[in-house]
Amino acid sequence: MHLVIDGYRGDLDRMWDVELVRSFLTDCPATLGMTRITEPEVLKYDAPKEQDSGVSGFVIIAESHISIHTFPNRSEEHTSELQSHLNL
């Protein structure tokens, strides 16, 4: 199963918050009844195209992985994307 959740018009400060994304990826697997097997990896990305900049992170879980990408500089609307690929 591949689950994608798109978010729109987010809080700019929160979308740049590396520690908030790390905390979410640390806590999310247990909240969903899944098993986290690595610490989250989270990076701030300054892209060549400013609208592609943001924070990206992932965590490996026993069931597959969870990733999140934020795009606070997108001009029409501030967006974020949460993805989970689950092998169930």
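Me: Where does E63 lie?
Reply: E63 is in the loop between strand 3 (54-61) and strand 4 (64-71). Helices (H or I, at least four residues) and strands (E, at least two) are DSSP runs, numbered from the N terminus.

Me: What kind of model is this, and how are residues numbered?
Reply: It is a predicted model, in which local features need pLDDT of at least 70 and side-chain atom pairs count only at pLDDT 80 or more, while totals for chains, interfaces and linings use all residues. Residues are numbered from 1 along each chain as its sequence is written, and side-chain values use heavy atoms, with hydrogens and water left out.

Me: Back to E63. Is it buried or exposed?
Reply: E63 is buried, yet it has no salt bridge. Buried means under 20% relative accessible area, exposed over 50%, and partly exposed in between (1.4 Å probe, protein chains only). A salt bridge is a side-chain nitrogen of Lys or Arg within 4 Å of a carboxyl oxygen of Asp or Glu.

Me: Which side chain of opposite charge is nearest to E63?
Reply: That is R36, which is 10 Å away. Lys and Arg count as positive and Asp and Glu as negative, with His and the chain ends not counted.

Me: What does the side chain of E63 reach, then?
Reply: The side chain of E63 reaches the backbone nitrogen of T35, at 3.3 Å. That is a polar contact (N or O atoms within 3.5 Å; within protein, one must be able to donate a hydrogen and the other to accept it, and residues adjacent in sequence count only if both atoms are side-chain atoms).

Me: And S64, in which element is that?
Reply: S64 is in strand 4. With a relative accessible area of 16%, S64 is buried. Its phi is positive, about 160 degrees, although S64 is not a glycine.

Me: Which other residue has a positive phi?
Reply: R9 is one, with phi near 55 degrees, and it is a residue other than glycine. R9 lies in the loop between strand 1 (2-8) and helix 1 (12-15), and at 64% relative accessibility R9 is exposed. Most residues other than glycine have a negative phi.

Me: Zooming out, how many helices and strands are there?
Reply: The protein chain has two helices and five strands. From the N terminus on, the order is β-α-α-β-β-β-β. Of the 88 residues in the protein chain, 32% are buried.

Me: How many salt bridges does the count come to?
Reply: Three. R22 pairs with E19, with the closest N and O atoms 3.4 Å apart. Those two are three residues apart in helix 2 (residues 18-31), so they are separated by about one helical turn. R22 is partly exposed at 26% relative accessible area.

Me: Which residue does R36 meet?
Reply: R36 meets E39 in a salt bridge, 2.9 Å from N to O. R36 is partly exposed at 32%, and E39 is exposed at 58%.

Me: What does R74 form a salt bridge with?
Reply: R74 forms one with D52, and the closest N and O atoms are 3.2 Å apart. R74 lies in the loop between strand 4 and strand 5 (79-86) and D52 in the loop between strand 2 (41-45) and strand 3, so the pair ties together parts that are 22 residues apart in sequence. R74 is partly exposed at 28% relative accessibility.

Me: Over the face of which residue does R74 lie?
Reply: R74 lies over the face of F71, at 4.1 Å from the ring centre. A charge sits over a ring if NZ of Lys or CZ of Arg is within 6 Å of the ring centre and within 35 degrees of the ring normal.

Me: S53 next. Where is it found, and is it buried or exposed?
Reply: S53 is found in the loop between strand 2 and strand 3, and it is buried at 5% relative accessibility. Its side chain reaches the backbone nitrogen of A47 at 2.8 Å. Leaving out residues up to four places away in sequence, S53 touches several residues, among them W16, Y45 and F71. Contact means heavy atoms within 4.5 Å.

Me: Last one: what does I60 touch?
Reply: Not counting residues up to four places away in sequence, I60 touches T35, R36, I37, T38 and H65. I60 is in strand 3 and is partly exposed at 29%.
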